[in-house]
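Student: I would like to learn how to read a ligand site. Could you walk me through one?

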Amino acid sequence: MREIHELIESEISRPSVFIDESVLYPEYVPVRIRHRDAQFTQLARIFKPILLKPGSLSVKALLVGPVGTGKTVTAVTFGRAITDSAERKGLRLKYAHINCSRSNNTASIFRDLKNQLGLPIPDRGLSAHEMISGILKILEREDLYALVTLDEFDYFIRSSSSEDRYLILRLYDVFKEEVKRMSFLFVARGSPAYIWPKLDSFTGSYLMKNLVTFNPYTAEEIFDILNDRVELAFYPGVVGEEVIDYISNLTGHDTGGDGNARKALAILHAAGKLADKEMMEGKADRVTLDHVRAVVVQEYPALINLLDTLHYLPLHELLVLKAIVMALNVSGMDYVPIGEVEDVYRRLALDLGEQPRGHTKVYMFVNDLRRRGIILTKTSMKGRKGRSTYIGFGAVPLHVFLQKIDQVIQGKRMI
Ligand code: ADP
Ligand code: MG
């Protein structure tokens, strides 16, 4: 017993890089939401009627964007803010947040809803219809309003029948209440083009007007998001700016990443964990770039090795490599003939005001890139006559690589 007690004590008092690790958990809601002012403004404009003319209409908005672009955190924060405003006006508005990947049919969605609103309705034995009818009745009786977020709504859209979609998207066409006490935020991954075909045309054109788009974050935006968390999560001086910068560049949309803040935070968290473990062993006292690399290597091994190598290559070899990737990108094939690569290379060199190297030199570069394991070559292709060299590239997605290599080329030219 005493030993366990000591164990707990020493675990609590051991040195750590973290002040508060929970700030890095995905479900943590930050005090400041960065770079989403436009979305908040738009939401305020769309939902204004529920404060100004409560009950006059049921407002709906559709929030779309790729994963990790702050849709959920924006919805939650907006929900909290508007309930606050309502309260100050003496309006009883409640916010509920339902995840449709967990509650994936109408009955469980509305069961979840009545639980979150704390409405006394039995759990079992009720159809979705009966449940909704019960909810609406109590809202009316208690003079309550509700703003409901249906998050991961694309799950519901994919798996629901058109009747179920109608029931939710056109609730007040099914239940003809005079006072509209429920409004909705629909949150979906991906692009609207994916969702429209599943909507009836009335709902589609309505939501088109109330569409709030979330673009992938740039490196600079991710930097700000990470920086806020670093201050709360880590002891001062433990995470240097170079670490935040590196993760931002890795994940920023404009620097070749997918603009996913969740991924950026996960990398920071994992690197912090690794540093924390090493601190316990007396091997580290801060989070370093190597901790970040060690974490990222598990996810993008090829890209990291590749980028390290690129810095050693001469400018014209880099241009040949860029030409290969561009030619592959344009053709959509897995291999391109060296002749096409040379054409693209010559154009790239001339665009930079560089004298293109001759065929022999290009061939040498290609061989070097092959030896380094950056590209693949073969000398004949099925369905093509003659012998020629064909070049392929398999390490990382082409568009990711293209953005990265441009940075390296630019760096080379500045020296
Ligand atoms: P989505 O719902 O679009 O997949 P989330 O809202 O879950 O994205 O955001 C992913 C993670 O990144 C969460 O931990 C969230 O707190 C954080 N995050 C996203 N956008 C921002 C932002 N603008 N400011 C601060 N933190 C953000
Ligand atoms: Mg989300």
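Student: Why does ligand 1 lie between domain 1 (37-213) and domain 2 (217-303)?

Tutor: Domain bounds come from an automatic or database domain assignment. Here both domains give residues to the shell around ligand 1, so the ligand lies between them. This is a predicted model, where local features need pLDDT of at least 70, side-chain atom pairs count only at pLDDT 80 or more, and totals for chains, interfaces and linings use all residues. Residues are numbered from 1 along each chain as written, and side-chain values use heavy atoms, with hydrogens and water left out.

Student: How many residues surround ligand 1?

Tutor: A residue is near a molecule if one of its heavy atoms lies within 4 Å of it. In this case 21 residues surround ligand 1, and Arg-34, Gly-68, Lys-71, Thr-72 and Tyr-217 are the closest.

Student: Which polar side-chain atom lies 2.8 Å from an oxygen atom of ligand 1?

Tutor: A polar contact is a pair of N or O atoms within 3.5 Å. That side-chain atom belongs to Thr-72. Polar backbone atoms also take part: one of Thr-69 is 3.1 Å from a ligand oxygen, and one of Val-73 is 2.9 Å from a ligand oxygen.

Student: How much of the accessible area of ligand 1 does the protein cover?

Tutor: Accessible areas come from the Shrake-Rupley method with a 1.4 Å probe. Of the 560 Å² that ligand 1 has on its own, the protein covers 95%.

Note on methods. Chains are lettered from A and ligands numbered from 1 in the order in which they are written. A polar contact is a pair of N or O atoms within 3.5 Å; within protein, one must be able to donate a hydrogen and the other to accept it, and residues adjacent in sequence count only if both atoms are side-chain atoms.
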